[in-house]
Amino acid sequence: MKLLSGAIAAVDHGGSLGRASALFPHAPQPFVDLSTGINPHSYPLFELPATALTRLPEAGQLRELAEIAAAAYGAPSAAHVAAAPGTQILLPRVASLRRPGRALVLGPTYAEHARAAAIAGHAVAEVSDFDALAEADLAVLVNPNNPDGRVIDKWRLLELAARLHARGGLLVVDEAFMDVGPSEHSLAGDVGEGGIVVLRSFGKFFGLAGVRLGFALTDPLTAERLDAQLGPWAVAGPALEYGIRALSDAAWQATMRQRLAEEAARLDVLLGRFDVPVAGGTSLFRYLSFAEAQSLFSALGEQGVLVRHFAERPQALRIGLPGSEPEWQRLESALAAWAARRKDAPKEIGQ
């Protein structure tokens, strides 16, 4: 168990091109940003009605969005859905659904969960054993996990939720990447049982992170409580428009899942050509864990290709999908340059 005493401190994330430029000042521009795990093929942009910007959002639109989100994610009904300007803003509010106590986060994972629980007043620790979560007042896990893609079976989650709920605890499952995960392990359809909050992110799969839209799926009373905390007009007009259209577009979603699966397989082949082992991931990102990870991170960065590194895990990297053929070519060239440098490096005695 890892106690997180400084969990309220700001967390470094992928996707900061400003930090990338400071770290690699001589890299060719623009950067190929593969550090975020966001779909590089966004839902098609469309012309917004002027009212999306000139008027306050209508309550009827928010109800429509909740109905469509419930259908898309498999929640029991719109009453089980609370919409927000991104899941990030939901994290401390969800953590506050239980009085300050013991929060356990299954790690290693997305660091904002621990920070949000600390903000809510919980004593936070990271655990590596799933069964240890049963001792929590607030148990948090990401499924599929970020950054390694680990999936916890649904039956195990339901057993844990029942144990926690029986003594007033809460299970929070972040399904930000479940759009490309094994949907049979989603808890979205089970939130009516109580004691469960499922978080779903709109921006990652639809490639529209800047829209800022996310959802908490839970029992109706808890959804109502979260709505009250967020207040009126929490979801902006443009986000309503994109959420309603994209979440109801089942054909686009099915086609995109297939495309992402094919491109993830292509990335596996490319990495394999240069002896870079893939240890896990989803079809939006691949997780690498090997001794030369930091060398690869630096070599790619110097060539203007940014991947996600982890200061506390120097052997790990996460790499997203290139969004175009020129980006694929830049990644391949950068990998080839790293591999050539590694091949020509002098060997230590005994190797």
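Is V32 buried or exposed? In this predicted model, where local features need pLDDT of at least 70, side-chain atom pairs count only at pLDDT 80 or more, and totals for chains, interfaces and linings use all residues, V32 is buried, with a relative accessible area of 2%. Here buried means under 20% relative accessible area, exposed over 50% and partly exposed in between, with a 1.4 Å probe and protein chains only. Residues are numbered from 1 along each chain as its sequence is written, and side-chain values use heavy atoms, with hydrogens and water left out.

V32 belongs to strand β2 (residues 32–33); helices (H or I, at least four residues) and strands (E, at least two) are DSSP runs, numbered from the N terminus. Leaving aside residues up to four places away in sequence, V32 touches G304, V305, L306, E327 and R330, a contact being heavy atoms within 4.5 Å.

Along the principal axes, the C-alpha atoms fill a box of roughly 65 × 50 × 35 Å. Buried residues make up 48% of the 351 residues. Of the contacts with a separation of 6 or more, 72% come from residues 24 or more positions apart.

Next comes an open sheet of 4 strands, ordered β10-β11-β14-β13 with antiparallel pairing; two strands pair if DSSP finds at least two bridges between them. Its edge strands, β10 (278–282) and β13 (308–309), each pair on one side only. Strands β11 (residues 285–289) and β14 (residues 316–320) are joined in the antiparallel sense over 5 bridges, and R286 has I319 in β14 as its bridge partner. Helix α11 (residues 293–302) packs on the sheet and touches β11, β13 and β14, its direction making about 40° with that of β14. Axes are lines fitted to C-alpha atoms, for helices over the stretch in contact, and angles run from 0 to 180 degrees between N-to-C directions. Helix α10 (residues 250–273) lies across β10, β11 and β14, at about 30° to β11.

The buried residues of α11 are A293, L296, F297, A299, L300 and G301. Their cover includes α1 (17–23), β12 (305–306) and α12 (325–344). Just after α11 comes G304, with a positive phi of about 80°, and G304 is also among the residues that V32 touches.

Elsewhere, helices α3 (residues 59–73) and α9 (residues 237–247) pack at an angle of about 35°, with their axes 9 Å apart. Their contact brings residues of α3, including L62, L65 and I68, against residues of α9, including L240, I244 and L247. The contact residues divide into 9 nonpolar, 2 polar and 2 charged; Ala, Val, Leu, Ile, Met, Phe, Trp, Tyr, Cys and Pro count as nonpolar, Asp, Glu, Lys and Arg as charged, and the others, Gly among them, as polar.

Helix α5 (residues 112–119) is mostly covered, with 6 of its 8 residues buried.
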